[in-house]
Amino acid sequence: MFKLIAKLFGSKNEKDLQKLYPLIAEINAEFESLHLLSDDELRGLTQSFLQQISEAKQLLETHHEELIARLKEDITIDERLEIMDELNQVDKDIHDVIEDELHKLLPKAFAVVKETCRRLVGFEYFVNGNKMKWDMVPYDVQLIGGAVIHQGKIAEMATGEGKTLVSTLPIYLNALSGKGVHVVTVNDYLAQRDSQWMGPVFAFHGIEVGCILNTMTSEQRVKEYAKDVTYGTNNEFGFDYLRDNMAIDAGDMVHRAFNFAIIDEVDSVLIDEARTPLIISGPVPQSDQKFEEFKPQVELLYRAQSALVAKLLTEAEKALQDGDQTEGGLALFRAFRGMPKNTRLIKMLSEMGNKKIMQATENEYMRENSRHMHIVDDELYFSIEEKNHSINLTDKGREFLSKQSGDADLFLLPDIGTEIANIENDDSLTAEQRLSTKEELQSKYADRSDRIHTVSQLLKAYTLYEIDNEYVIQDGKILIVDEFTGRILPGRRYSDGLHQAIEAKEGVTVERDTQTFATVTIQNYFRLYKKLSGMTGTAETEASEFFDIYKLDVVVIPTNKPITREDREDLIYKTRKEKFNALITEIQQLREQGRPVLVGTTSVEISEMLSRAMKRLNVPHNVLNAKQHAREAEIVAGAGQKGAVTIATNMAGRGTDIKLGEGVVDTGGLMIIGTERHESRRIDRQLRGRSGRQGDPGATQFFVSLEDDLMRMFGSDRIASIMDRMGIEEGEVIQHSMVTKSIERAQKKVEENNFSIRKRLLEYDDVMNQQREIIYSRRREALKDQRLKADILEMAEVYGEKLVAEYVQEGHLDELSESLMRNMLIHIKFSAQELADVGEDGIKDRVFDAIHQFYNEKEKMLTTDVMKLLEKAVVLQVIDEKWRDHLRELDDLKEGIGLRAYGQRDPLIEYKHEAYNMFTQLMDQIAEQTVQLVFKAFPNQQMLEMTQERAQLQRIRRQLVTNHESVQTIGGSGSLPQSENRNPESGGPPKAKVAPVQVDKTIGRNDPCTCGSGKKYKLCHGK
């Protein structure tokens, strides 16, 4: 029905393109008129564009400057808020005016870029040290792509259609705004290459181009961000944003305003990378991780489970041979729950009828919300949910571990609800004994829970994560391999202790625990930009997600030349062995024909296995995976030469065109072979797209087996049944469109699951994002020193009013005096008669007067400059300390919130409610601690200029770890010096004993509490 409607009325994509065709004609007409201009006259057009935009926004920018000046005047808080609101509106108006002018300028501006490219043809220059010659002038379809990107949409353009050149059109146009353009790439190599490769176009017009690299210092970054156009990776841009919001001085901030971002390989950045947040973390002072301690016990448990699974498979074989499908199916299913990646199990499931028998057993035990699943799992030491990447330790497993440790109860969690009820009902205990017993029980529960969590993560490391698949080891470090690109992900660590578990498993140094200092999701970072756009070869399959999350439309741009590539139906084999034998034979035959072959693999392990097979057969080849990433562009660039065989993990070398060598067209062009289907259709399309560039001939073929992970976990049992009915023998292959469609349905299942993970992550982060914006806004205001004194005095009045309300209503006037002295160093006495005469409001007014008097006297004593330094130092320190604690508490809340579902409550709603309450408390704590520290601290100027402390802060800054942390599921404090030598009798400012500022004194959750109770911090004041 939908296809019929589209045929009658045209698809949305066709309508979008129809609107652009007249614009392309206008651009080409302008282009023809520029041929007679001199180079200087052509450059002069850029200056006239800048002048036109400047004149259009002049009145608004003048008003903007006037509002900024008013903020520096002595105005009330309400007036200040009104001005801030007006400033925001003026900013929006300026942006709208600029966008209107850019829209008017687009035809002429694009024509200027096209003419500039024409004049550069033959120009020689260096890109990453390699000599290049400019040979590009935009085609009409590239002009369409540029217009789509300028409109804030995603341009889907096939591989080899020149997306990098396309981007120069909207970059040039939007650089005219003077607000900066950020071009986002997937790695440092592409950022540096593209900034130099496209540089001549911008240099011709005096437009400055910068590039942010991982190795750059803050000073270098400031210079690069200040340029008109800045290239960099999504990680570098995101981490700079987070670091800016941890800066201790306005001069340390590097990021520019979030104006316009163009994302290259937008699907990789906004879809694949968006499953994991960006996190800046620092080491916890003391770590109580026990991964190395429990590793030997877990290894024994793993071996015991392996032996049990081997026994179960033997029992299954015997039962099935005897025709007992009930017992055989149960033994198979138990083995599957115990070790799903067991090679013998995978082999058995590929045999005729076995998978169907096991699935029937699984369906039986999963009925009624899996209420009978315990019958299957109780025989195992632990059960594995491979699809969800989760492991559950059974009672049998806990008993096994307890025997190894010699403590029968070491891994048994007490029934805390029942135990607490028993304590409450025990009349033989005093109130103090009840409290002590409950705290001891909670401590025991926490310790055992930590042990079980450690064991669970170690079991995941042993059963679900394999070297050269999910990670590699280099220089004694565990480095994660991107499942989508096959590239190493430097700086990324698995969350929740899993990375440390893998380190323990592989016998490398186990890194210390870290705590989060700042975090943001990819989604919320890129939603900061006023205008966002992107380009890629594959976006259409994710169009709904792009719109739902980012409000980005996808427009598929026609190719410059028709695609002649042949995309063949998948070849399906029963076993991996059969598949790889056929695949290797195919590679040999193609090479003998002189046809280049690019083999796409899904893991380092498979790429190296194929490489070993090629060596045995004396087939020259190149391998590109996470271990050879340094030669990425060089290897991929040569993949189109006659007889070349290139084995690469999927998408590796993305961003580099494969050009066909001499004589290759006659052989049929580049042949793409996929060793298995990826869980995402988009990744398969990217691999296919490496062939057939610019109308070149080519072909693609996927080899699939029923033992592949996708087919094993998500594939329909119909394929296995069909192959069984057809009596497919070993080595035989099935090739049919129905089978290919079945595989695509399996991929859609996985894509939907991954989308739900990303969407859930965003829903949780949206809660934090609102809080983050408030905290970061306050922090920026403090850095700029905008009216800190007025803010602090307002907070002091609120705090004073709270104290008055707390004590006066009960008539505790002496306690009020004591509290004011203890918390604010304000010495003031009240009498019952005074309260009777002036009432609570009169007492409150007297407190307010005392606050202002004390503060003014202190400012005179320290000088205004020192006082400003103190205010700024305190506000930044308190915000950072409390925000860090708040992030940890939110992590703890998120970790356990999923359990609320058992009580028929939506975990997300519960999270929002509790996170709001926690944030309200946070803001109160920030205000109260800020007031107390500013009123009580009496430093001198030398200390507040913080030469030693700034050096210490910079050392800490360098120790911070930037993680694009991989997550599986959503599920310290510094203090300014305080006064020691107080003079309560005088009521004036005391003489202070100066002490150094402490900025990195953090308390671990399992450290002894600083109050001296002897309990862990998390069970005392860290609750």
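A residue counts as buried when its relative accessible area is under 20%, as exposed when it is over 50%, and as partly exposed in between, with a 1.4 Å probe and protein chains only. This is a predicted model, in which local features need pLDDT of at least 70 and side-chain atom pairs count only at pLDDT 80 or more, while totals for chains, interfaces and linings use all residues. Residues are numbered from 1 along each chain as its sequence is written, and side-chain values use heavy atoms, with hydrogens and water left out.

**Stop 1: Leu 710**

Select Leu 710, which lies in helix α29 (residues 709-714). Helices here are DSSP runs of H or I with at least four residues, and strands are runs of E with at least two, numbered from the N terminus. Leu 710 is buried, because its relative accessible area is 6%.

**Stop 2: Ser 33**

Move to Ser 33, in helix α2 (residues 12-33).

**Stop 3: the nonpolar cores**

A nonpolar core is a set of buried Ala, Val, Leu, Ile, Met, Phe, Trp, Tyr and Cys residues joined through side-chain atoms within 4.5 Å. Which residues touch the most other members of the largest nonpolar core? They are Leu 270, Phe 526 and Phe 546, in a core of 99 residues.

Centre the view on Phe 546 and show its contacts, where contact means heavy atoms within 4.5 Å. Beyond its neighbours within four places in sequence, Phe 546 is in contact with Ile 154, Val 266, Asp 267, Leu 270, Ile 271, Ala 539, Lys 551, Leu 552 and Val 554. Another core, of 68 residues, lies apart from the largest one and includes Ile 27, Leu 45, Ile 53 and Ala 191.

**Stop 4: helix α12 and its partners**

Display helix α12 (residues 291-321) together with α20; they pack at an angle of about 60°, with their axes 9 Å apart. Axes are lines fitted to C-alpha atoms, for helices over the stretch in contact, and angles run from 0 to 180 degrees between N-to-C directions. The angle makes α12 oblique to α20, since angles under 35 degrees count as roughly parallel, over 145 as roughly antiparallel, 65 to 115 as roughly perpendicular and the rest as oblique. The crossing of α12 and α20 is right-handed; this term applies if the near helix is turned clockwise from the far one by less than a right angle, and left-handed if anticlockwise.

On the α12 side, select Phe 291, Phe 294, Lys 295, Val 298, Glu 299, Leu 301 and Tyr 302, which meet Arg 451, Thr 454, Val 455, Gln 457, Leu 458, Leu 459, Tyr 462 and Thr 463 in α20. This contact comprises 9 nonpolar, 3 polar and 3 charged residues. Ala, Val, Leu, Ile, Met, Phe, Trp, Tyr, Cys and Pro count as nonpolar, Asp, Glu, Lys and Arg as charged, and the others, Gly among them, as polar.

Next, bring in helix α21 (residues 498-506), whose axis comes within 9 Å of that of α12 and crosses it at roughly 60°. α12 is therefore oblique to α21, and passes α21 in a right-handed crossing. Phe 291, Glu 292 and Lys 295 of α12 make the contact with Gln 500, Ala 501, Ala 504 and Lys 505 of α21.

Keep Lys 295 of α12 selected. Leaving aside neighbours within four places in sequence, Lys 295 is in contact with Leu 458, Tyr 462, Ala 504, Lys 505 and Gly 507. The C-alpha atoms of Lys 295 and Leu 458 are 7.1 Å apart, although 163 residues separate them along the chain.

**Stop 5: two positive phi angles**

Most residues other than glycine have a negative phi. Select Asp 468, in the loop between α20 (431-463) and β11 (471-474): its phi is positive, about 70°, although it is not a glycine. Asp 468 counts as buried, because its relative accessibility is 15%.

Finally, go to Gln 694, in the loop between α28 (681-688) and β22 (698-705). Gln 694 is not a glycine, yet has a positive phi of about 50°. At 13% relative accessibility, Gln 694 counts as buried.
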